Amino acid sequence: MTVSPKVLDENSTINYLKLASGEWNESLIRDSFVAEEADAIISLPPSSSNSKDRLMWHYHSSGVYSMRSGYWPSSSSFGNPSCAGLSCSESWWKFFWHLDLPPKIKLFMWKACHNWIPARCNLMAHGMDLEVTCLICGKSAEPSLHALWHCSSLKVLQNACVFAAGDSSLDCAPFGEFVRSCSFKMKVTDFERLCVIWWRVWHRSNMAVHNNILLPVSDICAWVDNFCSDFQDANVSGLGVVARDSSGQVLISLCRNVKANYQPQIAEALAIIEGLRLAIDRGFSNFVPRLSNKVAHGLAKLDLINDDVSVWVDDCPLYVEDLIVGEVPLSL
Ligand SMILES: [Zn+2]
C-alpha cells in the first residue's frame, strides 16, 4: 500500500484543504496525497461546520483505538492475502458491478460500503451533533455494520445466514470490508441475495426510525426471495413467432426465452429475426407482414414459464388456440 509523502505542514488543518467556497481544493489535495488517499478525501462531502480537527481511529465507530479494534486491520486479509490494497478494491468493485442485481441495490451497497448511508455514527462523523446509539436495539453505537448486520434486533436473520457466524475479527470491520469478506466465502448467487437482504434491512431501519413501524425480521428472508424471483422473471424476455399458410392454418409456431430485459421494440425486432430464420429453415417464401400479432404475443408470454425454445410444426400450443381461431387472417 502506498502512503502519501509529507507535503503538507504538520499543523495543517482540514480547512486548509478547502476553498473559500467550502468545496475541496482538489488540485491541492491531488498534489498532496497519493491517488488512493486523494480519491478517498474527495469522495467525502466537506463538512460545513468549523469544528476542531480530531485524530480518529478509522476502525472503530467511536474513533478511539482499542486492542480489540486493532486486531482487525492487522488481520485484514481474511484468508485472502493477495487481496489487500487498492488493486483488490478495484478488482472487487469490478466483480460487484457485474452482479445480477437491480441498479438501485448496487447503488445502495456502494453507498453503504463507503459509509454514506445515514447510520448514526456516519452522521456524527460528518459533523452532526447526535447520540450514536442505535434507535432500534438501544444497546450499541450504530455504524453501518451495526445498522445492517450486528444489531441485536437482527438476530433471527444472522442465524439464518451462518456464513459469518463466529468470526469475531469481523466485529469491528468497516462495513465495506465485511461485505467483501462475505463475498469471498459465498456463492455469487448467495452473495447477491445477501445484498438484497441488506437493502431490505436498511428499509426496515428507515421504517422504524422515520415511520415508527418495526417490520418483523422474520419476514425479511421470504420478502427477499420473492423480490429475487420477480427480478429474475423481469430479466427474461419472451419471443413468440407463428407462421400460417394462405388459408390461415398454422404451419409452425415457436417461443423462446431470452435472458435479458429488452425494450418491447428490441424484443419485437428479435422476434422478426427469429421468424425469418425459421421461415428460411422451413423453406418458406412470399412472406406477408405480421397479421397474427396476438398469437405471437401469447406465445411470447407462454415462454416466460418455459426454460428452452419450443417449436410446434403444423400446430400451436393449446394455450393460444383461441387466439389462433379468433385471429384467422381473412385477408389471406
Ligand atoms: Zn441496534
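Q: What comes after H5, and what is its phi?
A: In this predicted model, where local features need pLDDT of at least 70, side-chain atom pairs count only at pLDDT 80 or more, and totals for chains, interfaces and linings use all residues, H5 is followed by Asn-115, whose phi is positive, near 55°. Residues are numbered from 1 along each chain as its sequence is written, and helices are DSSP runs of H or I with at least four residues, numbered from the N terminus.

Q: Which residues of H5 are buried?
A: In H5, residues 103-113, they are Phe-108, Met-109, Ala-112 and Cys-113, where buried requires 20 or more other C-beta atoms within 10 Å of a residue's own, exposed 12 or fewer, and C-beta atoms are placed from the backbone. They cover an arc of only 130° around the axis, so they are on the same side of H5, the arc being that of the directions from the helix axis to the C-beta atoms.

Q: And which exposed residues does the face turned away carry?
A: That face of H5 carries Pro-103, Lys-104 and Leu-107.

Q: What do the buried residues of H5 pack against?
A: They pack against helix H7 (144-150), helix H9 (175-185) and H10, with contact meaning C-beta atoms, placed from the backbone, within 7 Å.

Q: Changing topic, what is the handedness of the H10 and H11 crossing?
A: The crossing is right-handed, that is, the near helix is turned clockwise from the far one by less than a right angle.

Q: How much of the chain is buried?
A: Buried residues make up 23% of the 332 residues in the chain.

Key
Helices (H or I, at least four residues) and strands (E, at least two) are DSSP runs, numbered from the N terminus. Two residues are in contact if their C-beta atoms, placed from the backbone, lie within 7 Å.
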